[in-house]
Structures are given as structure tokens and as C-alpha cells.
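Me: I want to check some labels against their cut-offs. Here is the entry.

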Amino acid sequence: MLFNEWKLKNITSKNRLVRSATYEGMGDINGNPLKGLKDIYKDLATNDVGMIITGFCFISQEGRAMQPHQCGIDSDDKIDYWKDIVSYVKSISMETLLVMQIAHAGRQTLKKVTGLPVVSPSTKRSLYFKEKPVALNDEKIKQIINEFGDAAKRAQKAGFDGIQIHAAHGYLIHQFLSPHINKRNDRWGKNRSEFLRETILNIKDKCGNSFPVFVKISAADDDKYGLKIENTFDYIKKLENVGIEAFEISYGTMDAAFNIFRGTVPIQKVFEHNILFKNYNLLKRKFWQYFIFPQWKKGFITYKDNYNLPFAKEIKRNTNIPIILVGGLREKKVMDDILRNDHADAISLSRPLICEPDLGKKLKENINVRSICRNCNECIVMCDSENSLNCYGKAL
Ligand SMILES: Cc1cc2nc3c(=O)[nH]c(=O)nc-3n(C[C@H](O)[C@H](O)[C@H](O)COP(=O)(O)O)c2cc1C
């Protein structure tokens, strides 16, 4: 099943294996992609991944996330850098689809990273980033929608087969979708999926109706008053007619980041590399480690394989839009079962392809394959460092 062709509305993938968007730490100081990115994509493309989604690329300086080497697509001078990467990968594997993930961090960033005020639909702070955001006014909202459209157009010019809008994990669009963050009385709050809808329409207007637009969403999050699966059903229904190619189903926000991923929390590495923690002195670290961390940890959900499957199943029953499932997919047999039972249309992997870039080939050749990823999550914590993407836990 995994290696069956996947015909979408505007595009066809040679199979149903997707590399989920994964920050590669391969942007220079301005967000231009470094040449080494080619090799990451080449390894995936030559090992049977049908669709590669890039790590999240910022659409504007204001929308940059806190990771120091994030790539961007915020200006025309970046088009040629990306063109170089796309044409290289296509020259090696013409049929591999390349999709750029475009994002605005909203309140999930820091002023010291962007040099600009942090913005959000409201002034409600993120528990993790803690900066009080400036509430966006109507004019600024329209500007950001336009910036999404311009970013998508640049990705198209660079040769990407489509784009994925990052509407998950607590970033700006998720902030618009959250009933807790977005209590606005204007059109952006009365209908919380309006921002996403207008963004898609802007992209379609600039890139043409047939340019594939994928959307990654969190089906729900950990905020007691935040996003619930019922909200997500409602949004998906409202977005049914705007020409979305497929939804990718994820979970959570950066306020409880380890619930997006599940697995081990490598706390020492967090202290070493995370911009919010690395300046703690020894005393503060110890206090945090022994008193705060144990409490913090209680809020984390235990890792289980296929942890977003229950959401995907329900969403799939409620919509005709194709569904990509991500989160803890590790076994070939299970992936095939999910596809066979029509619980999802495609399977998306992030951590497994970091520790085994040739996993696609192994999955193709052997029905009994299981990923060796242990969910140690060192790859995630190292996103906050100067290092680029790697499996830091494999040797342990
Ligand atoms: C190192 C790393 C970087 C990630 N970067 C992104 C990203 O840029 N955009 C995104 O939507 N998700 C990102 N994710 C989340 C993954 O796409 C995926 O949703 C999550 O890891 C669960 O899938 P998995 O169990 O296959 O790893 C990242 C995950 C990892 C491990």
C-alpha cells in the first residue's frame, strides 16, 4: 500500500511516503538555504520518499522562529538559492515531489530573534515564550496574508511542486484557530478559520488554482480552553471548497512541545542549547531540574506508536480531503494497514528519516521493517543549537 501511486487533485506522487517538514538548521544568517541542504533531500529522494516537505521557512523577518538557522522565503533574492536545490534534486530524481513548508511564528518567537515586536491575534502570552504579543490589526493581518501569498509564489518560481501552510504546533495560524487565543470580535475572530481561508485564496490567486496547497494542522492542543477536535472538524468543513490538496494531521503547540513529538525529554541538552534556558546559572538550573522539571514532565503524554491515528480516523470519516498522518509511525505493516483501512491516504515521517535517511528503501524492500528511532528527541533539542540536523542519539 505504502508504495502505491497517490493521485491528488492537482498532482500525483509515486507513492504514499512523505517526509514530514523537519527543520534542518541549514539557513545562513539571512535565511538563505546552504548548499548542504541538497544532500539531505538527495538522500531522501534516492531512497524512495515520494514527497519531501522542507523544514518550516519564514515568510517574513517578523515571522522567524527562534531556531538560529531557519531558512526563509521572504524575499526574491532567495529564489535562486532554492532553485539551485530544487533543480539538483530533480536532476537526480525527477519524480520526487518537493513541497516547501511556509510559516509565520506569531507569538512563538522572541523579539531578540526577529528584532521586531512579537505579534499574535491577541495579547495573550505563550506559556513557553512568555513575551506579551502585540495584537494584530486588520491592516497587519492583510499584510501577513499577502506575505504568505508572495512566499508561495517565490516557492513556485523556485520550482517547488507545491507548498504546505504551517497551521499547526502553535504558530501564527494555529493562534488564529485557537478559541483561547483568538477571542476577537471582528471577522478574524467570529470565524477563526477565516485567516487560513484568506491565506489559501491569496496563494491560489498568485500561484494559480492548480498549484498544490497542503495544510498541516494540529487536530487538538493541550490548552484546556484551546483547540479541540470539534473545532478542527468545523474548520475542515469550512475549508472544504478552497482547493486544499491534503491536510497533514499533527498535534499540540510549543507550550508543551514534547506532546507534539512524545518520547524522552533530554533535559540536560535543553539546558545546554535552548535560548530560553542556556543562560541559567548553576543554582537556577538545579532548582529547575529538581523542582520545576518534575512538575512540568507530568503534563507530557507518554509516547505510543501512531499517536495521532485516532484523530486522523475521525477526520477522515468527516471529509473528502485527503489526509496525511504524522506522529510515531514506525512499522511498515501498521502503515500498510492504516492505508488499507482508509484511515489516512499517506504516511508522514520525521524522526525516523533523520536517523535512517535510507528508511524509505528499507520499507519498500521488506514488509517487516521497523524504524530504529528511539524517540530520544536529541534531534529536536539540537534544533536550538548552532548544529544542523542530525541523529544525535543513534550512538547511545
Ligand atoms: C528535528 C525536528 C524538526 C522538526 N521541524 C518541523 C518543522 O519545521 N515543521 C513542522 O511542521 N514540524 C516539524 N517537526 C515535527 C515533525 O514534522 C513531526 O510532526 C513530528 O516529529 C512527529 O513525527 P515523527 O514521530 O515521525 O517524528 C520537526 C520534528 C523534528 C524531530
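Me: Start with the term itself. What makes a contact a salt bridge?
Reply: A salt bridge needs a side-chain nitrogen of Lys or Arg within 4 Å of a carboxyl oxygen of Asp or Glu. This is a predicted model. In it, E194 and R197 have their N and O at 3.3 Å. That is within 4 Å, so the pair counts as a salt bridge.

Me: Where do E194 and R197 lie?
Reply: Both are in helix α7 (residues 194-207). They are 3 residues apart, about one turn of the helix.

Me: Why is E194 called buried?
Reply: Its relative accessibility is 9%. Buried means under 20%, so E194 qualifies.

Me: And why is R197 called partly exposed?
Reply: R197 has 26% relative accessibility.

Me: What makes K316 and D345 a salt bridge?
Reply: Their closest N and O atoms are 3.0 Å apart. The limit is 4 Å, so the pair passes. K316 lies in helix α12 (residues 309-318), and D345 in the loop between α13 (332-340) and β13 (346-349), so the pair ties together parts that are 29 residues apart in sequence. Both K316 and D345 are buried.

How values were computed
Residues numbered from 1 in each chain as written. Predicted model: local features only at pLDDT ≥ 70, side-chain atom pairs only at ≥ 80, totals over all residues. Heavy atoms only, no water. Helix = DSSP H or I, 4+ residues; strand = E, 2+ residues; numbered from the N terminus. Buried < 20%, exposed > 50% of the residue type's maximum accessible area, 1.4 Å probe, protein only.
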